[in-house]
Amino acid sequence: MKVLVLNGSPKRDNSDTMHMTRAFLEGMDAVHVNEVTVLHAVDQVVKPCLGCFACKKNGGTCMLEDDMADILRQILASDLLIWSFPLYCFGMPAPLKAIIDRTMPLSTMAMHKVDGRYEHKSQRDFSRLKYVMISGCGFPSAQNNFEGMITQFQYMFGVEDSTIITVTESPIFGVHAANAVTKPFLQKVRKAGREYAETGVLSEHTLRKLSRPMIPPKLYERIANGQ
């Protein structure tokens, strides 16, 4: 399987979320070795979409000259896209959002109704693509934090083709003193990666385990507040 990781964190490989993404990939590789490419959004030259819709009318060529044409080629050549990012203002970081906006060349101006809402028709074949979202946040609770991003991801990629992993307290992955709780959690993420490689989905039981805080929320709050 060709896997493209789109890392939205400006911290690149040192991202708290990338700890989880690497563990997920290790679990997948335990089933079969995959061809993995990691693309750090912050290192790409991607200009903001102009909303001119030229790409939708001329067969999918954007008038802007930057790295996006190559990114689109990598996306279309992949079997699985992993969107790895920390939660910023209840959404994805700006460099990754710019890449999302510039996927406009993949669709036409024509639209059709799908599952009760309208979508633009595709002008590229990416029907085989699957999508995984791995996102961490700095709060000890997922409630009232991830809902907006989850809805956006499902609207973009569909409920059936997308798998969503949200993890609270993710800053402690970079704290050596927290290894006693982060290492067992990353082992759960590896098992999730293996499950995904074997079945193409994650069970509700697995998703619930990954959504639980690693340490009690009140303790995390005290540590975060320097108390």
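## A positive patch

Let's start with Arg212, which sits in the loop between helix 7 (204-211) and helix 8 (217-224); helices here are DSSP runs of H or I with at least four residues, strands are runs of E with at least two, and both are numbered from the N terminus. Arg212 is partly exposed at 46% relative accessibility, a label for values between buried (under 20%) and exposed (over 50%), with a 1.4 Å probe and protein chains only.

Together with Lys188, Lys191 and Arg208, Arg212 makes up a positive surface patch. Patch residues have over 30% relative accessible area and no salt bridge, and like charges are joined within 9 Å. Lys and Arg count as positive, with the charge placed at NZ of Lys and CZ of Arg. The areas themselves come from the Shrake-Rupley method with a 1.4 Å probe.

## What kind of model this is

This is a predicted model, where local features need pLDDT of at least 70 and side-chain atom pairs count only at pLDDT 80 or more, while totals for chains, interfaces and linings use all residues. Residues are numbered from 1 along each chain, and side-chain values use heavy atoms, leaving out hydrogens and water.

## Rings that pair up

The whole structure has 5 aromatic pairs, meaning rings of Phe, Tyr or Trp (its six-membered ring) with centres within 6.5 Å; planes under 30 degrees apart are stacked, over 60 edge-to-face, and the rest tilted. Take Tyr131 and Phe157: their ring centres are 4.1 Å apart and their planes are at 15°, so they count as stacked. Tyr131 belongs to strand 6 (residues 130-136) and Phe157 to helix 5 (residues 147-157), so this pair ties together parts 26 residues apart in sequence.

Both Tyr131 and Phe157 are buried. Ring pairs also join them with Trp83 and Phe153 in a cluster.

## Salt bridges

There are 10 salt bridges, each a side-chain nitrogen of Lys or Arg within 4 Å of a carboxyl oxygen of Asp or Glu. Asp161 and Lys130 form one of them, at 3.0 Å from N to O. That pair links distant parts of the chain, with Asp161 in the loop between helix 5 and strand 7 (162-167) and Lys130 in strand 6, 31 residues away.

Lys97 and Asp101 make another, at 2.6 Å. Both are in helix 4 (residues 94-101), 4 residues apart, or about one turn of the helix.

## A buried glycine

Gly193 is part of helix 6 (residues 179-199) and is buried, at 0% relative accessible area.

Note on methods. Patches are made of residues with over 30% relative accessible area and no salt bridge: like charges are joined within 9 Å, nonpolar side chains (Val, Leu, Ile, Met, Phe, Trp, Tyr) within 5 Å.
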